[in-house]
Amino acid sequence: MSWRQRVQAAWLQRGPLACALLPLAGLYAAAVRLRQALYATGLRRRERLPVPVVVVGNVIAGGAGKTPTVIAVVQHLQRRGERPGIVSRGYGGRRHEVPHEVQPDSPAAEVGDEPRLMARRTGVPVVVGADRVAAARALLQAHPDTTVIVSDDGLQHLRLARDVEILVFDERGAGNGWWLPAGPLRESAARRADLLLYNAPVPSTPRPGFVATRRLGDAVPLAAWRAGDRQGLPLPQLAARRVLAAAGIAHPERFFAMLEALGLRPERLPLPDHAALDPLPWCGWDGDVILVTEKDAVKLDAATDPRLHVVALDFEPDPAFFAALDRLLPASSAPAR
């Protein structure tokens, strides 16, 4: 078990380690609440963009499903005739301080794996930068026909005024209910949001919200995936073959469990979230098929191993979620919070 997994496990219970860190959690919570109060009272100014802003985020540390939610929201906006753009922190990349637009050939090491994946899956402009406001303004300057901005992981970036907030939870819910570092919470699990979406089979907190369905796609050869193909070998057909599943995501066990639910018994290779994959961690493995996630595939530009196959995660929120989002967007001309 990696240190990240150990920390995640500790955050699910109020054990000795969590209790020892409670004084630090109190200091962290006080700092967060002070910052929130400064914006709430107007002592710090929010900046309003000329187009509606939808923010997708979470209150629990680690991957809760923000990236697939952003992709699903953007694709829905496209279907309803909008011209969306995405801004992101670009975690895992090196271009942070100055806004930088993700290009088809942008290395994931420069812009981050998730922004590159979002650009690939949606085809919309994606700009990364530590300052979401600056990133959004750069996007609008480069693409003035943009009609709505979707901010990836921008819930705590309070300077960016927003019209719709989407709060994402996964199976962990609020964990042990304590703030960082004693628990996983960045801020209160009860914080207000316009829409709650559960990246889990059932709601994981008492709060009402919508549920999203996760489904794995086919195993697509890496070369075909690069060319834009999403159809390949149905995963159950790999059940009799020797398979290695590698995942450099926040919760690789989810990927492995979904594969096993389809009848596969892969050898597991969990990797750190945003792992660079350089050198390739499966060198020397002599099995038949290597399965990787799309988030990892965007970092394999130089890979030529024919055994490499990419498995997409299709993320489908309840249609009622999109209906609720549509009801909120026409009101986006009201003063942002």
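This is a predicted model: local features need pLDDT of at least 70, side-chain atom pairs count only at pLDDT 80 or more; totals for chains, interfaces and linings use all residues.
Residues are numbered from 1 along each chain as its sequence is written, and side-chain values use heavy atoms, with hydrogens and water left out.

View 1. An open sheet is formed by 12 strands in the order E3-E4-E2-E5-E1-E6-E7-E8-E12-E11-E9-E10, with mixed pairing. Helices (H or I, at least four residues) and strands (E, at least two) are DSSP runs numbered from the N terminus, and two strands pair if DSSP finds at least two bridges between them. Strand E3 (100–101) and strand E10 (267–270) are the edge strands; each has a single partner strand, so one side of each has no neighbour in the sheet. E10 runs parallel to strand E9 (residues 243–247), and four bridges join the two. Leu-244 has Glu-267 in E10 as its bridge partner.

**View 2. Strand E1 and its two partners.** Strand E1 spans residues 53–57, and five of its five residues are buried; buried means under 20% relative accessible area, exposed over 50% and partly exposed in between, with a 1.4 Å probe and protein chains only. On one side of E1 are Val-53, Val-55 and Gly-57, on the other Val-54 and Val-56, and all are buried. E1 pairs in the parallel sense with strand E5 (residues 148–152) over four bridges, and Val-56 stands opposite Asp-152 in E5. Strand E6 (residues 164–170) also runs parallel to E1, again with four bridges. Glu-165 in E6 is the bridge partner of Val-55.

**View 3. The largest nonpolar core.** A nonpolar core is a set of buried Ala, Val, Leu, Ile, Met, Phe, Trp, Tyr and Cys residues joined through side-chain atoms within 4.5 Å. The largest has 32 residues, of which Val-150 and Ile-166 touch the most other members. Elements giving two or more residues to this core include E1, helix H6 (113–122), E5 and helix H11 (319–328). Helix H4 gives the largest share, six residues. Contact means heavy atoms within 4.5 Å; beyond its neighbours within four places in sequence, Val-150 is in contact with residues including Val-54, Val-70, Leu-77 and Ile-86. A second, separate core of 22 residues includes Val-53, Val-55, Val-127 and Leu-185.

View 4. Leu-49 is in the loop between helix H3 (22–40) and E1. Leu-49 counts as buried because its relative accessibility is 4%. Leaving aside neighbours within four places in sequence, Leu-49 is in contact with Ala-136, Arg-137, Ile-149 and Leu-160.

View 5. Not counting residues up to four places away in sequence, Ala-64 touches Asn-58, Val-168, Phe-169, Asp-170, Arg-172 and Asn-199. With neighbours within four places left aside, Gly-65 is in contact with Val-168, Asn-199 and Phe-315.
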